[in-house]
Structures are given as structure tokens and as C-alpha cells.
Amino acid sequence: VTYEQTSLFPGIRFWFRTRKLEGLLMFAASEGQQDEFVALQFKGGRPWFLFDPQVSLSLSLYYQQDIP
């Protein structure tokens, strides 16, 4: 999966294989109330990347095209 570089997002690339269409692949959060976090999950077999640094930017990317 490749999320292309834009003016707001530097781009990211992951390679992996799963057995399920839904689930959490990665999650990391700040200590305490976990206000700042990054997560990669699957919904309907498609990757969904979530990033919230609690500054002024919150990012959610959902891959909608078929993955080859």
C-alpha cells in the first residue's frame, strides 16, 4: 500500500500479508490519556491509516481503490 506524497503528507509505504479483512495491525499512543496516536487498521479489507498528534492536524487516510 502506498499513500502518495502531497504538500501535507510526506508519503508512506507498507508491505504485509494478513489472514483477516478486518483488524488492527499497528497502534501507538502517548502515555496517559493517549491523546496523540497513530494506528493502521483494516476495514472491509482496505487499509485505514489514522494519525492524530494533537497539534492542529489530524489525518485519516482510507484506501478506496482495489489493491492489486
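Visitor: How much accessible surface does the protein chain have, and what share belongs to carbon and sulfur atoms?

Guide: This is a predicted model, so every value here is computed from it. The accessible surface of the protein chain comes to about 5,600 Å². Carbon and sulfur atoms hold 52% of that surface.

Visitor: What share of the residues is buried?

Guide: The protein chain has 68 residues, and 24% of them are buried.

Visitor: Which elements make up the protein chain, and in what order do they run?

Guide: Count first, then read the order. There are six strands and zero helices. From the N terminus on, the pattern is β-β-β-β-β-β.

Visitor: What share of the contacts joins residues at least 24 apart?

Guide: Take the contacts between residues at least 6 apart in sequence. Of these, 19% join residues at least 24 apart.

Visitor: How many aromatic pairs does the structure hold?

Guide: The structure holds one aromatic pair. Its members are Phe27 and Phe37, with ring centres 6.3 Å apart and planes at 25°. Planes under 30 degrees apart count as stacked, so this pair is stacked.

Visitor: What relative accessible area does Phe27 have, and what does Phe37 have?

Guide: Phe27 has 45% and is partly exposed. Phe37 has 25% and is also partly exposed.

Visitor: Stay in strand E4. Is Gln41 buried or exposed?

Guide: Gln41 is found in strand E4. Buried means under 20% relative accessible area. Gln41 stands at 19%, so it counts as buried.

Visitor: Which residues does Gln41 touch, leaving out those up to four places away in sequence?

Guide: Gly23, Leu24 and Leu25 are among them.

Visitor: Where is Phe16 found?

Guide: Phe16 is in the loop between strand E2 (12-13) and strand E3 (23-29). Its relative accessible area is 32%, so Phe16 is partly exposed.

Definitions and conventions. Residues numbered from 1 in each chain as written. Predicted model: local features only at pLDDT ≥ 70, side-chain atom pairs only at ≥ 80, totals over all residues. Heavy atoms only, no water. Helix = DSSP H or I, 4+ residues; strand = E, 2+ residues; numbered from the N terminus. Buried < 20%, exposed > 50% of the residue type's maximum accessible area, 1.4 Å probe, protein only. Contact = heavy atoms within 4.5 Å. Areas by Shrake-Rupley, 256 points an atom, 1.4 Å probe, with all protein chains shown as cover. Phe/Tyr/Trp six-rings, centres within 6.5 Å; stacked < 30°, edge-to-face > 60°.
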